[in-house]
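Please keep the sequence and the structure in view while reading the points below.

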Amino acid sequence: MPHSPIPVPSLRRLPVYLRSLHAAIEQGATYVSSRQLGAAAGVPAAQVRKDLTWVDQEGRPGRGYDAVALAGQLEITLGLRVPKRAVLVGAGNLGSALAAYPGFAPCGLRIVALFDQAPSVVGKNVAGFTVQPADRLAAVAQEHAVDMGIITVPADAAQSVAEAMVAAGIGVIWNYAPTTLRLDPSVYVQNQDLAAELALLSHQIVRRRET
């Protein structure tokens with residue numbers, strides 16, 4: 001019988017706990033308390049304990065959680081030890097930066113190909129990749145058994161790129177384009193709207209100037 005899915009708010013906090021555990025381990029800690037983990041995530045200790053009921057580890061009264069064991073279990077729960085392959089469409093500034101980003105490797109993610117629709121970009125070397133034409137997407141996705149597609153194209157091109165990814169058998173999409181994709185509910189889409197995040201930051205800046 002399949003496990004119940006972890007609630008999204010809890011799931012978003014698990015990587016924060018993991019970072020805190022890694023920092024504690026580097027400092028020589030053997031055990032970490034739920035209070036310490038909660039401080040890192042900005043939640044009460046009781047919420048940490050509730051979140052960690054989804055993870056196959058239990059704390060010890062008066063000592064807390066075995067730091068190494070809990071970190072390992074969180075890595076398993078989050079799938080960080082499982083190799084994952086991605087393709088990226090959009091070789092502009094953002095796409096180039098993501099293609100070169102070294103932080104994906106510790107999460108088990110490897111970008112295997114970079115695509116673009118502009119003839120002036122195709123064939124260029126970007127972050128160690130030779131940019132391929134977008135019509136090669138399906139063949140490459142099949143060849144490498146790609147798990148995820150990353151979209152960094154302008155908003156007006158994102159829907160067609162997403163549909164091409166789905167047609168190529170890709171069921172998880174990380175969308176950086178500032179638009180809402182209309183796809184079958186079976187496709188998991190994570191939107192990373194940088195403009196919306198900047199608007200929130202901008203609002204905070206204005207508020208602070210006014211006080």
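Leu88 has Leu114 as its bridge partner in strand E4. The model discussed here is predicted.

**Strand pairing**

- Strands E3 and E4 run parallel and are joined by six bridges.
- Together with helix H5 (residues 93–100), E3 and E4 make up a β-α-β unit that is right-handed.
- E3 also pairs with E8 in the parallel sense, here over four bridges.
- Within that pairing, Val87 has Gly149 of E8 as its bridge partner.

**The largest nonpolar core**

- The largest nonpolar core has 22 residues, and those touching the most other members are Val87, Phe115, Ile151, Val153, Met165 and Ile173.
- Two or more residues of this core come from each of strand E3 (84–89), strand E4 (109–116), helix H6 (137–144) and helix H7 (155–167).
- Helix H7 contributes the most, namely five residues.
- Which residues are in contact with Val87, leaving aside its neighbours within four places in sequence? They are Val112, Ala113, Phe115, Leu137, Val140, Val146, Met148, Gly149, Ile150, Met165 and Ile170.

**Ser34 in helix H2**

- Ser34 belongs to helix H2, which covers residues 34–41.
- Is Ser34 buried or exposed? Ser34 counts as buried because its relative accessible area is 10%, and the cut-off for buried is under 20%.
- The side chains of Ser34 and Arg49 form a polar contact at 3.0 Å.
- Apart from neighbours within four places in sequence, Ser34 is in contact with Ala45, Val48, Arg49 and Tyr65.

**Two alanines with positive phi**

- Ala127 is not a glycine, yet its phi is positive, near 55 degrees.
- Ala127 sits in the loop between strand E5 (125–126) and strand E6 (129–130).
- With a relative accessibility of 38%, Ala127 is classed as partly exposed.
- Ala145, also a residue other than glycine, has a positive phi of about 50 degrees.
- The loop that holds Ala145 lies between H6 and strand E8 (148–151).

Note on methods. Residues numbered from 1 in each chain as written. Predicted model: local features only at pLDDT ≥ 70, side-chain atom pairs only at ≥ 80, totals over all residues. Heavy atoms only, no water. Core = buried A, V, L, I, M, F, W, Y, C linked by side-chain atoms within 4.5 Å. Buried < 20%, exposed > 50% of the residue type's maximum accessible area, 1.4 Å probe, protein only. Contact = heavy atoms within 4.5 Å. Polar contact = N/O pair within 3.5 Å; in protein donor to acceptor, adjacent residues only side chain to side chain. Pairing = 2+ DSSP bridges. Right-handed = clockwise from strand over helix to strand, strands pointing away.
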